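Please walk through this two-chain model with the viewer open. Take the contact between the chains to start with, then each chain by itself.

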Amino acid sequence: MAIEVRIPTILRNLTDDAKVVEGKGDTLAELFTDLDSRYPGIGARIVENGKLRRFINVYLNDEDVRFVGGLEAELKDGDNVTVLPAVAGGSL
Amino acid sequence: MLRIDRSIYDQIVAHARRDHPDEACGVVAGPEGSDRPERFIEMLNAERSPTFYRFDSLEQLKVWRGMDDRDEEPVVIYHSHTATEAYPSRTDISYASEPNAHYVLVSTREADTVEFRSYRIVDGEVTEEPVEIVGTDARP
């Protein structure tokens, strides 16, 4: 089953500059493991200690996955996933 | 160097003033690879805080997708500091994730002085760059 994944600029050095890649998995966690097997290093940029990194946004069909189950969110054929680094900062 | 139109410069400063004492944030999109900031996009600060900013995640998705559809990229990412100088904080540096962007900082700590500075932030390293404002000065 194919899941389309949109890759942000900052991670495209790991995907040979591809903006969109395909992956597979029954859950988001499995999808990122699958991607990491073909694009080594990408998993650790998104997941840390079994959780989504705090300042990475992951969207499943345009929903922020933090609100739809996080890494355990279930995937089905044809879903699309977007990864975007959060834009954040502050004066402290 | 950041070259930016007077009208966009004015909109960034006006946004920062309007949201003071909370931090304001947004982007200026431009054609990919052009380094020309052309389309001003004001963003919500999801934190609504005087010391922190974060783009709302769903608004960010919408805006980033809009840029993708037009073959644009975020040429400028701006935010304000409301009580400190217009220099990237440690937090700003650790979250900077667009190596091609000009990170613009505006300080609103003085009501009648504009501090508008621009930086590159790549791999945790900050490099300040000159800002050239082009176009006519619309102010009287």
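How many residues of chain B are in contact with chain A? The answer is 24 residues of chain B, which meet 17 residues of chain A. Here, two residues are in contact if their C-beta atoms, placed from the backbone, lie within 7 Å. The elements of chain B that each supply at least two residues to this side are strand S4 (52–54), helix H2 (57–69), strand S5 (72–81) and helix H3 (90–95). Helices (H or I, at least four residues) and strands (E, at least two) are DSSP runs, numbered from the N terminus. H2(B) gives the largest share, 5 residues. By class, the side of chain B that touches chain A holds 10 nonpolar, 10 polar and 4 charged residues. Ala, Val, Leu, Ile, Met, Phe, Trp, Tyr, Cys and Pro count as nonpolar, Asp, Glu, Lys and Arg as charged, and the others, Gly among them, as polar.

This is a predicted model: local features need pLDDT of at least 70, side-chain atom pairs count only at pLDDT 80 or more, and totals for chains, interfaces and linings use all residues. Residues are numbered from 1 along each chain as its sequence is written, while chains are lettered from A and ligands numbered from 1 in the order in which they are written. The predictor gives the complex an ipTM of 0.88 and a pTM of 0.90. Chain B averages a pLDDT of 94, and 96% of its residues score at least 70. pLDDT is the predictor's confidence in each residue, from 0 to 100.

Strands also pair across the two chains. Strand S8 (residues 88–90) of chain A and S4(B) run antiparallel, over 3 bridges. Two strands pair if DSSP finds at least two bridges between them. Look for Gly89(A): its bridge partner in S4(B) is Tyr53(B). Strands of a sheet pair through backbone hydrogen bonds, either parallel or antiparallel.

Now turn to chain A. It has 2 helices and 8 strands. Along the sequence they follow the pattern β-β-α-α-β-β-β-β-β-β. An open sheet of 5 strands has the order S2-S1-S7-S5-S6 in chain A, with mixed pairing.

Follow strand S7 (residues 80–85) of chain A next. With strand S5 (residues 56–60) of chain A, S7(A) pairs in the antiparallel sense over 5 bridges. Tyr59(A) stands opposite Thr82(A) in S7(A). With S1(A), S7(A) pairs in the parallel sense over 3 bridges. There, Arg6(A) stands opposite Thr82(A). S7(A) is mostly covered, with 5 of its 6 residues buried. A residue is buried if 20 or more other C-beta atoms lie within 10 Å of its own, exposed if 12 or fewer, and partly exposed in between, with C-beta atoms placed from the backbone.

Chain B has 3 helices and 9 strands. Its pattern along the sequence is β-α-β-β-β-α-β-α-β-β-β-β. The radius of gyration of chain B is 14 Å, close to the 14 Å that the globule rule gives for 140 residues, so chain B is as compact as a globular protein of that length. The radius is taken over C-alpha atoms, and the rule is 2.2 Å times the number of residues to the power 0.38. Of the 140 residues of chain B, 38% count as buried.

Strand S2 (residues 25–31) of chain B has 5 of its 7 residues buried, so this strand is largely enclosed by the rest of the structure. Which strands pair with S2(B)? One is strand S3 (residues 39–43) of chain B, joined by 5 bridges and antiparallel. In S3(B), Glu42(B) is the bridge partner of Gly26(B). Another is S5(B), joined to S2(B) by 7 bridges and also antiparallel. In S5(B), Pro74(B) is the bridge partner of Ala29(B).
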